[in-house]
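Have a look at the model first.

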Amino acid sequence: EITAMWALGLCGCHGGAFAPGFEPDPQLAAEWFQKAADMGHAGAQYCLGLCFAYGTAVGHDESTAVLWSSRARDEGSEWERDPRFSAFRPRVTTWESAS
């Protein structure tokens, strides 16, 4: 189930905030986000973009961050309007303008 993969990624990012007793594991989060993103899950695509934007477990790669965030937007992701990701939005806009 694609949504479960995304949820496992969220657990890896946030640990106990989503699953009591679950320790944050950024590597695990990136792996689950990648699996769900490859299958077309817009939320996972956006989260994977954040991983690349901030270098969380996958290394900092601005062009890959833009790629995944753009795919999420193309899939109709509402995440871009989420205020929790407001710090990322200006960077993506700048990266997209430069490419």
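Which residues have the most contacts inside the largest nonpolar core? They are Trp-6, Phe-33, Ala-44 and Leu-48, and the core has 16 residues. By nonpolar core we mean a set of buried Ala, Val, Leu, Ile, Met, Phe, Trp, Tyr and Cys residues joined through side-chain atoms within 4.5 Å. Buried here is under 20% relative accessible area, exposed is over 50%, and partly exposed is in between (1.4 Å probe, protein chains only). The elements that give two or more residues to this core are helix H1 (2–14), helix H2 (26–38), helix H3 (42–54) and helix H4 (62–74). H3 supplies the largest share, six residues.

A word on the ground rules. This is a predicted model, in which local features need pLDDT of at least 70 and side-chain atom pairs count only at pLDDT 80 or more, while totals for chains, interfaces and linings use all residues. Residues are numbered from 1 along each chain as its sequence is written, and side-chain values use heavy atoms, with hydrogens and water left out.

Now zoom out. The protein has five helices and zero strands, so reading from the N terminus gives α-α-α-α-α. Those elements are DSSP runs numbered from the N terminus: helices are H or I with at least four residues, strands are E with at least two. Of the 99 residues, 41% count as buried. The protein exposes about 5,300 Å², and carbon and sulfur atoms supply 56% of that; the areas come from the Shrake-Rupley method with a 1.4 Å probe, and for residues only the protein chains shown count as cover. Among contacts (heavy atoms within 4.5 Å) between residues at least 6 apart in sequence, 49% join residues at least 24 apart.

Next, the way the helices pack. Two packed helices are described by the angle between their axes and the distance between the axes. The axes are lines fitted to C-alpha atoms, for helices over the stretch in contact, and the angles run from 0 to 180 degrees between N-to-C directions. Start with H1 and H2, which pack at an angle of about 160° with their axes 7 Å apart. That makes H1 roughly antiparallel to H2, where under 35 degrees counts as roughly parallel, over 145 as roughly antiparallel, 65 to 115 as roughly perpendicular and the rest as oblique. H1 contributes Ile-2, Met-5, Trp-6, Leu-8, Gly-9, Leu-10, Gly-12 and Cys-13 to the contact, and H2 contributes Pro-26, Ala-29, Trp-32, Phe-33, Lys-35 and Ala-36. H1 passes H2 in a left-handed crossing, that is, the near helix is turned anticlockwise from the far one by less than a right angle (clockwise would be right-handed).

Trp-32 counts as partly exposed because its relative accessible area is 21%. Its C-alpha is 8.2 Å from that of Ala-44, 12 residues away in sequence.

His-14 lies in helix H1, and its C-alpha is 5.5 Å from that of Pro-24, 10 residues apart in sequence. Both are partly exposed: Gln-27 at 40% relative accessibility and His-14 at 42%.

Moving along, H2 and H3 pack at about 135° with their axes 8 Å apart, which makes H2 oblique to H3. Their crossing is left-handed. Ala-30, Phe-33, Gln-34, Ala-36 and Ala-37 of H2 meet Ala-44, Gln-45, Cys-47, Leu-48 and Cys-51 of H3.

How do H3 and H4 cross, and at what angle? Their axes come within 7 Å and cross at roughly 160°, so the two helices are roughly antiparallel to each other. H3 passes H4 in a left-handed crossing. On the H3 side, the residues that meet H4 include Tyr-46, Gly-49 and Phe-52, and among their partners in H4 are Trp-68 and Arg-71.

Finish in the loop between H3 and H4, the place of Ala-57. Most residues other than glycine have a negative phi. Ala-57 has a positive phi of about 70° although it is not a glycine. With a relative accessible area of 32%, Ala-57 is partly exposed.
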